[in-house]
Amino acid sequence: MASSAALAALLSHPSIWRGGDVAPEPAALPSGYAALDAALPGHGWPQGALTEILLAHEGIGEIRLTLPALVRLQAQRRDVVWIAPPHEPYAPALAAAGVDLARLYIVACATPQDALWAFEQSLRAPECGAAFAWLSTSDERVLRRLQVAARDGRTWGALWRRPGQRGSATAAPLRLALSRHEGRLAVRVLKRRGAELIEPILLDVGPEAPGAAHAPSPRRIAVAP
C-alpha cells in the first residue's frame, strides 16, 4: 500500500508525463480557446519553440486564432513581429481586437534569405514575445537553427505554410494544419509532445473584428541588401 502511494505521488509530479497524456510544457501561452489549450502541451502555445502551421486556405480565421495570445504577450510589454506576411494587415481590425499596434512590427524583406535572417534575429531578441514568418524553406539545418533561436530567446515562433506549401519542420515540437469545417476552424494536431490526436479541434473563432475609424498603422521595417 505504501509503495502504491509513493508511486502515485511520483507520477503526479508535473515534470513526469505518461505516453497517453499530453506532455507538460515549462512555458506555455494560453491561446484563449479552451478546447485548443486542452490539446496543447502546457495548455497553450509553446514559448521558446517553433510552431509550424499549415493552411488549407488563407483567410479562414488563422490570424484571429492567434490574437488572444498576442494581446496577452503585449500586456507583458513584449513585442510582436510579423515577417513577410503575404497580405496587408488590416490595422483597424487588429486594433479592435485589442492588439497594440505600437508593439506590432511588420518586416518587409527583399529576398527569402533576408526573411530567414530577420526571423532568426526576432526569435533571439529578448523584447520579442512572438515572431511570425511566412516562409517556404524546408532546409532542416535552417529550421533546427530557428528552433534553437526560439528556445534561446524564449519566443513563440510561428512558421506559416501557405496553401500548397509542403510542411516539413521536424525540428518544430508543435505542428498544426488549419482548414474550415461547417463554418468553424478545424485545427488538426499533426505533431505534439504527447499522444496522437486523431480528431480535429473545431473552434468558433468569430467574425472579423469591427474596424476602428482612425487606427494607427503597425510599424514597418524593410530588410534589404
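At what angle do α5 and helix α6 pack, and how far apart are their axes? Hello everyone, let's start there. This is a predicted model, in which local features need pLDDT of at least 70, side-chain atom pairs count only at pLDDT 80 or more, and totals for chains, interfaces and linings use all residues. Residues are numbered from 1 along each chain as its sequence is written, and side-chain values use heavy atoms, with hydrogens and water left out.

Now the helices. α5 and α6 (residues 140-153) pack at about 25°, and their axes are 7 Å apart; an axis is a line fitted to C-alpha atoms, for helices over the stretch in contact, and angles run from 0 to 180 degrees between N-to-C directions. The two helices are therefore roughly parallel, the term for angles under 35 degrees. On the α5 side, the contact (heavy atoms within 4.5 Å) is made by L116, F119, E120, L123 and R124. From α6 come V142, R145, L146, V148, A149, A150, D152 and G153. By class, that gives eight nonpolar, one polar and four charged residues. Here Ala, Val, Leu, Ile, Met, Phe, Trp, Tyr, Cys and Pro count as nonpolar, Asp, Glu, Lys and Arg as charged, and the others, Gly among them, as polar.

Stepping back, the protein has six helices and eleven strands, taken as DSSP runs: H or I of at least four residues for helices, E of at least two for strands, numbered from the N terminus. Of its 225 residues, 47% are buried, meaning under 20% relative accessible area with a 1.4 Å probe, protein chains only. Among contacts with a separation of 6 or more, 70% join residues 24 or more positions apart.

A56 is 122 residues away along the chain, yet the C-alpha atoms of L178 and A56 are separated by 6.1 Å. Leaving out residues up to four places away in sequence, L178 touches several others, including I53, L65, W160 and V187.

Finally, back to α5, at the second largest pocket. α5 (112-124) gives the largest share of its lining, four residues; β4 (79-83), β5 (104-109) and β11 (219-223) each supply at least two. The lining has 13 residues, with V81, V107, A118, S122 and I221 nearest the centre of the pocket. By class, nine are nonpolar, two polar and two charged. Thanks, and I'm happy to chat!

Terms used: On a 1 Å grid over the protein atoms alone, a cavity is a set of points where a 1.4 Å probe fits but cannot get out, and a pocket is an open set with protein on both sides within 12 Å along at least five of seven lines; lining residues have an atom within 4 Å of a point. Angles under 35 degrees count as roughly parallel, over 145 as roughly antiparallel, 65 to 115 as roughly perpendicular and the rest as oblique. Buried means under 20% relative accessible area, exposed over 50%, partly exposed in between (1.4 Å probe, protein chains only).
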